[in-house]
Amino acid sequence: MNSIITNINTYRKFLSRNKLYTAVTIIGFAISISLVILIACHVHHEFSMDNFHSKKDRIKTVVSENSTTFPNKLADYIKDRCPEVDYYTRVYTEKHTIKPISGESYIAKIMFAEHNFFDMFDFELKEGNTEEALSLRSTVLLSEAMANKEFGKRNPTGESVIIDDISYKVTGIFKNFPKNTQFNQPDYIVSYSSLDNTRDDDILNSWNNASYNIFFLEKENTNFKAKEKSILEGLKKDYFSYEKGWNKEFKIIPLKELYFHPIKYQYETTKSNNLTTVIIYLGIVFLILTVAILN
């Protein structure tokens, strides 16, 4: 014990006699620890994507070798063949023109989402009922920013919004999406049944236009992923993209893996990141921490 105290006193005297060395050492260590904390927070954020959803372990999506999106028809195609699926929800995001009551028109990000979107995902409403908000055709939810921009402080529920010359009834306001979600923040969320307002009449039941994200809720104690092979064999007969050999792979993956999935193409609904890059950041954290401690 005495030797430890003696060593500490000796080192303290050394530091007091070498003030420049002491200052450089302390400042360097402080900068190193700050960098470690910043990078560690970023890495934690990346690995926490969509962890707040209560059903996250049961939410699955489907991908091919080059895309995270499929035609709308695939949703019912899979649901009818897989008793492991409880239900599905489809999502599609693109930009449209908003015509306000007063002022100039502007472009906004519109998310089309199924009536059960808020049942599968734990995004919240500030105003409105999650079970009914998107249940009817030509209904829309506003972000907090858009609600304030269009209607000020008054509750916009029951009012109308004009999107591409079509009137939509406002059914509520949704809260801003959390930062740790791979879903891009939309300005408006429109009922999915309204999608054919901007597309062909049969777009909701068509094999054409593979632009739509489809999410499935797996029933508890089942193995939806085990159906990958049988679904792929069916698609080779029933979906021209696989029948003609344009697509060859079909995979069922957890929601969590979608963020890091090495896809080559995706639409505006979700964002992604490279898993290797995040792991490199994690390695940098340990390297800086090790060097700082050794110095």
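**Exercise 1. Phe224**

Task: Locate Phe224 in this predicted model, and decide whether Phe224 is buried or exposed.

Solution: 
- Start with the place. Phe224 belongs to the loop between β9 and α6.
- Next, the accessibility. The relative accessible area of Phe224 is 0%. The cut-off for buried is under 20%. Phe224 is therefore buried.
- Now the surroundings. Neighbours within four places in sequence are left aside. Phe224 then contacts Lys60, Ile78, Cys82, Glu84, Val85, Phe216, Glu218, Ile231 and Ile252.
- Finally, a distance. Phe224 and Pro83 are 141 residues apart in sequence, yet 8.5 Å apart in space, C-alpha to C-alpha.

**Exercise 2. Helices α3 and α6**

Task: Classify the packing of α3 against α6, and list the residues that make the contact.

Solution: 
- Take the geometry. Helix α3 spans residues 73-81 and helix α6 residues 228-238. They pack at an angle of about 130°, and their axes are 12 Å apart.
- Apply the classes. Angles over 145 degrees count as roughly antiparallel, and 65 to 115 as roughly perpendicular.
- The crossing of α3 past α6 is right-handed.
- List the contact. Helix α3 supplies Leu74, Tyr77, Ile78 and Arg81. Helix α6 supplies Ile231, Gly234, Leu235 and Asp238.
- Check burial. Leu74, Ala75, Tyr77 and Ile78 of α3 are buried. Their cover includes β1 (59-63), β2 (85-99), β9 (213-218) and α6.

**Exercise 3. Charges over rings**

Task: Which charged ends sit over the rings of Tyr77 and Tyr106?

Solution: 
- Tyr77 first. The charged end of Arg81 sits over this ring, 3.6 Å from the ring centre. Both Tyr77 and Arg81 also take part in the contact of α3 with α6.
- Then Tyr106. Here the charged end belongs to Lys149, and it lies 3.6 Å from the ring centre.

**Exercise 4. Two aromatic pairs**

Task: How many aromatic pairs does the structure hold? Describe Phe47 with Phe260, and Phe123 with Phe177.

Solution: 
- The count is 24 aromatic pairs.
- Phe47 and Phe260 lie 5.8 Å apart, centre to centre, with 50° between the planes. Stacked needs under 30 degrees and edge-to-face over 60, so the class is tilted.
- This pair links distant parts of the chain, 213 residues apart. Phe47 is in helix α2 (residues 19-47). Phe260 is in the loop between α8 (255-258) and α9 (275-294).
- Compare accessibility. Phe47 has 33% and counts as partly exposed. Phe260 has 14% and counts as buried.
- Phe123 and Phe177 have centres 4.1 Å apart and planes at 15°. This pair is stacked.
- Phe123 is in the loop between α4 (117-120) and β4 (125-127). Phe177 is in the loop between β7 (166-174) and β8 (188-191). The pair therefore ties together parts 54 residues apart in sequence.
- Both Phe123 and Phe177 are buried.

**Exercise 5. Positive phi**

Task: Find the place of Asp50 and of Asp165, then decide for each: buried or exposed?

Solution: 
- Recall the background. Most residues other than glycine have a negative phi.
- Asp50 has a positive phi of about 60° although it is not a glycine. Its place is the loop between α2 and β1. Asp50 is buried, at a relative accessible area of 2%.
- Asp165 has a positive phi of about 70°, and it too is not a glycine. Asp165 is in the loop between β6 (160-163) and β7. With a relative accessible area of 59%, Asp165 is exposed.

**Exercise 6. Ile98 and Arg58**

Task: Where do Ile98 and Arg58 lie, and what do they contact beyond four places in sequence?

Solution: 
- Ile98 is in strand β2. At 0% relative accessibility, Ile98 counts as buried.
- Beyond neighbours within four places in sequence, Ile98 contacts Ser105, Tyr106, Ala108, Ile110, Glu150, Val161, Ile162, Ile163 and Tyr188.
- Arg58 is in the loop between α2 and β1. With the neighbours within four places again left aside, Arg58 contacts Asp86, Phe216, Leu217, Glu218, Lys219 and Glu220.

Methods. Residues are numbered from 1 along each chain as its sequence is written. This is a predicted model: local features need pLDDT of at least 70, side-chain atom pairs count only at pLDDT 80 or more; totals for chains, interfaces and linings use all residues. Side-chain values use heavy atoms; hydrogens and water are left out. Rings of Phe, Tyr and Trp (its six-membered ring) pair if their centres lie within 6.5 Å; planes under 30 degrees apart count as stacked, over 60 as edge-to-face and the rest as tilted. Helices (H or I, at least four residues) and strands (E, at least two) are DSSP runs, numbered from the N terminus. Buried means under 20% relative accessible area, exposed over 50%, partly exposed in between (1.4 Å probe, protein chains only). A charge sits over a ring if NZ of Lys or CZ of Arg is within 6 Å of the ring centre and within 35 degrees of the ring normal. Axes are lines fitted to C-alpha atoms, for helices over the stretch in contact, and angles run from 0 to 180 degrees between N-to-C directions. Angles under 35 degrees count as roughly parallel, over 145 as roughly antiparallel, 65 to 115 as roughly perpendicular and the rest as oblique. A crossing is left-handed if the near helix is turned anticlockwise from the far one by less than a right angle, and right-handed if clockwise. Contact means heavy atoms within 4.5 Å.
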